[in-house]
Amino acid sequence: MSAAELSGDAPPATRRIVLLRHAKADWPEVSDHERPLAERGRMDAPIAGRRLAETGISFGLALCSTATRTRETWKLAVHELPHRPRTVYEERMYEASLGDLIALLNEIPDDIDDLLLIGHNPGMHALADALSGTVEGDALARMNRGGFHTAAFAVIGFSGSWKSVEHGVGRLLDYWAPHE
């Protein structure tokens, strides 16, 4: 252990949150929660998974909305990752407000460094905007150009505990969309 760690002056942990919006969904005569992916969504989800793998981020946990389209997106994307993180299907992510999403982040155990959320708009976009106190390059401009696209993801870095996650705490490191 270093002297800083022994004295309690260790620098706060660097963490990353990746916000993945579900891929393109279809509009059949079912409830919104049960909407499946459209053909384009079934093609884009594995592409998003490959791009997630290219980030080199090793997720300690994935939280996925219980909606059919998010579960299908995750099932297709996760096969592209080098290792499958522990996955929790979280019903509170469906139709979650910004406050609900931040409250979920505040519950994450501090032994998790990198977290993946698979969810919906407007929540994913609102959360990325709210957490990003600073921005790397043109990531914010790309994210806001056409909205937070289906099968797109934002990467946000921050330091500190999960309980400290609040507005402006992070840095938007990257934004990627399959049809940018």
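Predicted model: local features only at pLDDT ≥ 70, side-chain atom pairs only at ≥ 80, totals over all residues.
Residues are numbered from 1 along each chain as its sequence is written, and side-chain values use heavy atoms, with hydrogens and water left out.

Leu105 belongs to the largest nonpolar core, which has 30 residues; Leu19, Leu105, Phe148 and Trp162 touch the most other members. A nonpolar core here is a set of buried Ala, Val, Leu, Ile, Met, Phe, Trp, Tyr and Cys residues joined through side-chain atoms within 4.5 Å. Buried means under 20% relative accessible area, exposed means over 50%, and partly exposed lies in between (1.4 Å probe, protein chains only). Among the elements that give two or more residues to this core are strand 1 (14–21), helix 4 (98–106), helix 5 (123–131) and strand 7 (170–176). A second, separate core of 21 residues includes Leu37, Ala45, Ala48 and Leu52. In soluble globular proteins, nonpolar side chains tend to be buried together.

Now step back to the whole chain. The protein has six helices and seven strands, and from the N terminus on they run α-β-α-β-α-β-α-β-α-β-α-β-β. Helices (H or I, at least four residues) and strands (E, at least two) are DSSP runs, numbered from the N terminus. Of the 180 residues, 47% count as buried. Among contacts with a separation of 6 or more, 76% are between residues 24 or more positions apart. The C-alpha atoms fill a box of roughly 60 × 30 × 30 Å, taken along the principal axes.

Asp114 sits in strand 4 and counts as buried because its relative accessibility is 8%. Not counting residues up to four places away in sequence, Asp114 touches Arg15, Arg16, Ile57, Ser58, Phe59, Gly60 and Leu61. The C-alpha atoms of Asp114 and Leu63, 51 residues apart along the chain, are separated by 11 Å. Arg142, found in helix 6, has a relative accessible area of 17% and is therefore buried.

Finally, look at strand 7, where Leu173 is found. Is Leu173 buried or partly exposed? Its relative accessibility is 33%, so Leu173 counts as partly exposed. Beyond residues up to four places away in sequence, Leu173 touches Arg16, Glu136, Val155, Ile156 and Gly157. Leu173 and Ala103 are 70 residues apart in sequence and 22 Å apart in space, C-alpha to C-alpha.

Methods:
Contact = heavy atoms within 4.5 Å.
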